Amino acid sequence: MIIFSIDHKVIGKQYIGLALFSVVLGTLLSLIMRFHLVYPDAKVRLFQAMWPDGAPGGQMTPELYLSLMTMHGTIMVFFVLTTAPQSGFGNYFLPLQIGAHDMAFPVLNMLSFWTTALSLLTLLAAFFVEGGAPLSGWTAYPPLSGLGRITGPGEGLGQDLWILSIALFCVASLMAAINFIATIIELRAPGMGYFDMPLTCWGWFVTALISLFAFAVLLAGGILLLLDRTAGTSFFIPGGLIVNDQVQSRSGGSPILFQHLFWFFGHPEVYIAILPGMGLISTVLSVFSGKKVFGYKAMAIALVSIGGLGFVVWGHHMFISGMSPYSSIAFSVLTLAVGVPSAVKTFNWLATLWGGRLRFTAAMHYALGFVSLFITGGITGLVLGQPGLDVYFHDTYFVVAHFHLIMGVAAIFAIFAAFHYWFPLMYGRFLNERLGKVHFFLTFLGVYAVFVPLHFAGFVGNPRRYPDFKEYEFLKSVMPLHIGVTHAAYFLGAVQLIFLFNYFWSQRHGAIAPANPWNAATREWRND
Amino acid sequence: MTNVARTGQMVLIAASAMFFAALTSAMVVRRGLSGDWAAPALPAWAFATILLPLLASWFVHTGRIGIAALAGAALVASQFALLANLQLARIAGAFCFVLIAAHAAHAAAGAAALARFGARAAIFWHFAGALWIYVLFLFGVWA
Ligand code: HEM
Ligand SMILES: [Cu+2]
């Protein structure tokens, strides 16, 4: 049966399909948000039709904006960036690359996918219930997320569904992680040692290990939060809260405790999004420079150390939470230490290119774009990793610029590279190379046009997660910049149609690909 | 037992251990932060249930899988009885509830796995047993 297939290739494609659907939805939400930020008073019939309560008379309420923001972030982080690079391409290509017939537990694999799909449906259901989608962002901090309907529309059933969705997602990701790890440990081809695996497999391996520990913690946090909402417990709800003029009866809980649980997951999560991409980019750069990856072993070890360090830096998301300055220093030093393995990777990528016979295919373009974005996005991480600077930048658009460049875009470029590189194996045809390059250049331009200016908004102190800026005198000067960003975002959204067209058109009409068209050395291209 | 089954269980155990570690550290932090901690009163018989997983593990060891799964089911039943009497409004009781409920899920899964896969699921079952000793220790001694 094709729907509940237990074939890793089918499941991989199912994950990719789910991610494609999600990325289209997430992008549309972001465009609506960008529109509202610069035209906060606009009355739009379409909004009124879609959200009669959220946009009475077509005028978007602040709550509607926040709910779009929450859904945008959640969809993108979980259902696109966690799903496509690891579960999508990983499922399809990991067994092929290590010479296994399938994943270690094919039925479990099928269950992971369908649990993920159920999780997505649960999340989307939040749009349709009374009060709409939740307001508390992808990080769902209590008390806002912990008290229920009284804190706003969307904080009722919508927030419950959100937590339920994330809990399901945790379970699905844990099942997937178990499968990946067992597959890599047990099903490598005879004679293939760990250091014989392509770096893509290292990326998936380390990502699976991170998922295993990170999602277990998020699941715990989610369960406690759900109990605070539904069972009257007080894990995270402090005493003496007055919400909408009503005194809340709970006491003793700690919202900061939730932040610790969340970011213990949340920081590793950002690596879950990017490590598979790092692995792939190494392969693509090496294939199209006609050279081996420079410093293969150092690259594998760097992946492991980034993954390991990822578990001891979560405090850098909480510098302003009132933590002791000694803890800040420790978290800061550890955070900056992540720069070391990251730099190892970057220089090895450059050294891989050095002296090679470069072939500028579309996949190669995206890989080079990835390196560029990884540097521009990573450098600002080093800025934010310093408590003195972060106290100012935290919760400004500077952070938004940082994580979009590195996670929102670099990781997505890796996905584009993966499509171009592996399409011949997945569909027997090429993605159109010329369209791919056109799409690359326009997208590359677009992302820098959208996200570089946002750093400057951050300099000015422009807060993030505000539905509009019209009340703030000091932000008047930033409005032209925001208008520019919004238009750049429209442009960026529009040029993605080129990719979508290419993706669907080439499945049927692309040039037929010969076996191993790129002259790659890894196993998935062999016919045996 | 195949290597794949063993490795799969070991990895699953790592995830479960992490889950319980997260709940435990949340409890330690939450207890330290506020002055509202009052140890939950588990009935004395709760501590006798420690025998059930031990017995079950022994039955697994000696090849009597059916009885082992039954002992596991008995453990789950006794855990439900404990859950019914816990007060969620007190924070220590709430943590106790979460940890016992989380364990019940593990014990139920472990017993079901024994029934379905036999001795191949032994590793996970032994882990679940050790985990129950840990939970009882938390609330019998530490809390
Ligand atoms: C050397 C590398 C990096 C350093 C030093 C670094 C540092 C930081 C710091 C200190 C923050 C907190 C800023 C604040 O909230 O005030 C932050 C936020 C963030 N970073 Fe990075 N980062 C690095 C790489 C990455 C990578 C590789 C990704 C993802 C692929 C990433 C994704 C994020 C995200 C998503 C946030 C914001 C989360 C939120 O508040 O919603 N970062 N980073
Ligand atoms: Cu971080």
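Biologist: Hi! Which ring does A:Arg188 lie over?
Modeller: In this predicted model, A:Arg188 lies over the face of A:Tyr194, and the distance to the ring centre is 3.8 Å.

Biologist: Nice. And what sits over the ring of A:Phe195?
Modeller: That would be the charged end of A:Lys297, 4.7 Å from the centre of the ring.

Biologist: Let's stay with rings. How many aromatic pairs does the structure hold?
Modeller: Over all chains there are 71 aromatic pairs. One of them is formed by A:Phe235 and B:Phe95.

Biologist: How are those two rings arranged?
Modeller: A:Phe235 and B:Phe95 are edge-to-face, with 75 degrees between the planes and 4.8 Å from centre to centre.

Biologist: Why does that pair join two chains?
Modeller: Because A:Phe235 is in the loop between helix 7 (199–230) and strand 1 (242–243) of chain A, while B:Phe95 is in helix 5 (residues 91–117) of chain B.

Biologist: Are A:Phe235 and B:Phe95 buried or exposed?
Modeller: Both of these residues are buried.

Biologist: Last one: what is the mean pLDDT of chain B?
Modeller: Chain B has a mean pLDDT of 94, with 99% of its residues at 70 or more. For the model, ipTM is 0.97 and pTM is 0.96.

Notes. Residues numbered from 1 in each chain as written. Chains lettered and ligands numbered in written order. Predicted model: local features only at pLDDT ≥ 70, side-chain atom pairs only at ≥ 80, totals over all residues. Heavy atoms only, no water. Phe/Tyr/Trp six-rings, centres within 6.5 Å; stacked < 30°, edge-to-face > 60°. Helix = DSSP H or I, 4+ residues; strand = E, 2+ residues; numbered from the N terminus. Buried < 20%, exposed > 50% of the residue type's maximum accessible area, 1.4 Å probe, protein only. Lys NZ or Arg CZ within 6 Å of the ring centre and 35° of its normal. pLDDT = per-residue confidence, 0-100.
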